[in-house]
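Here's a quick briefing to go with the molecule you're about to see. Have a look at it, then read on.

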Amino acid sequence: LEDGPKGEHLPDRLARETAEFIESNKDRPFLAYLSFYSVHTPLMARGDLREKYQNKRAELGLSAQWGQEGQRRVRLNQEHAVYAGMVEAMDLAVGVVLDAIEELGLGEDTIIVFTSDNGGLSTSEGSPTSNMPLRGGKGWIYEGGIREPLIVAWGGKIEPGVNATPVCGIDLLPTVLDYCALELPEVELDGVSLRPALEGEEVTSRPLFWHYPHYGNQGGFPSAAVRLDNLKLIQSLESGDVQLYDLDVDPGESVDLAPTRPRDVMRLHELLRVWQESVGAKPLGVREGVGR
């Protein structure tokens with residue numbers, strides 16, 4: 001991007017560029033893929049929004065509250081004024097894009113997806129946000145690290161509402177292809193179309209998998225996980241130890257059920273092992289051509 005005027009704020013600039021792209025392509029099929037830098041480090045907010053939330057924090061009498069996750073302290077409440085300003089700036093920028101879609105008369109022909117790549121940063125680099133009541137944050141395989149927002153909107157086609165079906169980012173490609181009446185590629189896809197769930201139908205349950213075989217600067221440990229319905233098993237890739245949680249009753253993953261439910265542990269552990277083998281998941285500390 002060419003430099004704009006001094007003081008220009010990046011989320012707004014990206015939104016306006018996206019709106020212009022949509023307008024330029026309004027008469028043909030298009031994909032507008034907008035990746036905000038917010039909310040991410042470096043932590044920088046518009047001056048007016050930073051002041052707004054500094055004042056709000058003072059009015060509410062808030063101060064930072066901390067807990068402990070492994071060797072890291074973890075933020076327990078939302079009171080970071082700069083981060084709040086960044087969230088609002090991103091929200092306003094999303095509005096710029098949505099307004100453009102409506103003003104161009106594309107609302108009934110455009111699928112809108114809003115999501116994120118990981119949970120909030122709560123254990124490093126200033127720990128600007130809290131994921132409570134979820135445990136951990138970015139870089140952790142607990143729900144605070146892997147549970148993300150997902151909003152899918154399509155005026156007149158998808159009814160407003162909340163659906164608790166567990167899904168994954170790998171499902172977005174087959175979903176969009178399905179809605180656009182395009183054939184799936186002749187390759188095996190990991191994801192499935194979410195169209196039935198988005199249209200209120202029952203969806204067959206399936207396991208979802210994660211594999212994180214390294215350390216990160218957020219303090220998380222090398223690990224893998226599998227979720228099937230309400231149960232989630234986490235395996236340490238160093239010790240081999242496992243944890244088991246019932247996310248329906250314990251979304252904060254505070255009560256490890258592994259010692260008391262060995263059959264569930266064995267069942268989920270086997271699902272995870274078979275999946276790891278099927279995709280060639282790398283063990284701890286191993287990359288192509290690199291040893292431990």
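**Charges, bridges and buried spots**

Glu103 sits in helix α3 (residues 81-103); helices here are DSSP runs of H or I with at least four residues, strands are runs of E with at least two, and both are numbered from the N terminus. Keep in mind that this is a predicted model, where local features need pLDDT of at least 70, side-chain atom pairs count only at pLDDT 80 or more, and totals for chains, interfaces and linings use all residues. Residues are numbered from 1 along each chain as its sequence is written, and side-chain values use heavy atoms, leaving out hydrogens and water.

- Glu103 is exposed, at 68% relative accessible area (exposed is over 50%, buried under 20%, partly exposed in between, with a 1.4 Å probe and protein chains only).
- Ser124, in the loop between β3 (112-115) and α4 (143-146), is buried at 8%.
- Leaving aside residues up to four places away in sequence, Ser124 touches Arg72, Asn217 and Gln218 (contact means heavy atoms within 4.5 Å).

**Salt bridges**
- The structure has 19 salt bridges (a side-chain nitrogen of Lys or Arg within 4 Å of a carboxyl oxygen of Asp or Glu).
- Glu69 pairs with Arg135, their closest N and O atoms 3.0 Å apart.
- Glu69 is in strand β1 (residues 66-69) and Arg135 in the loop between β3 and α4, so this pair ties together parts 66 residues apart in sequence.
- Glu69 is buried at 8% relative accessibility, while Arg135 is partly exposed at 23%.

**Helix α5**
- In helix α5 (residues 172-179), the buried residues are Pro174, Thr175, Leu177 and Tyr179.
- Their cover includes α6 (195-198).
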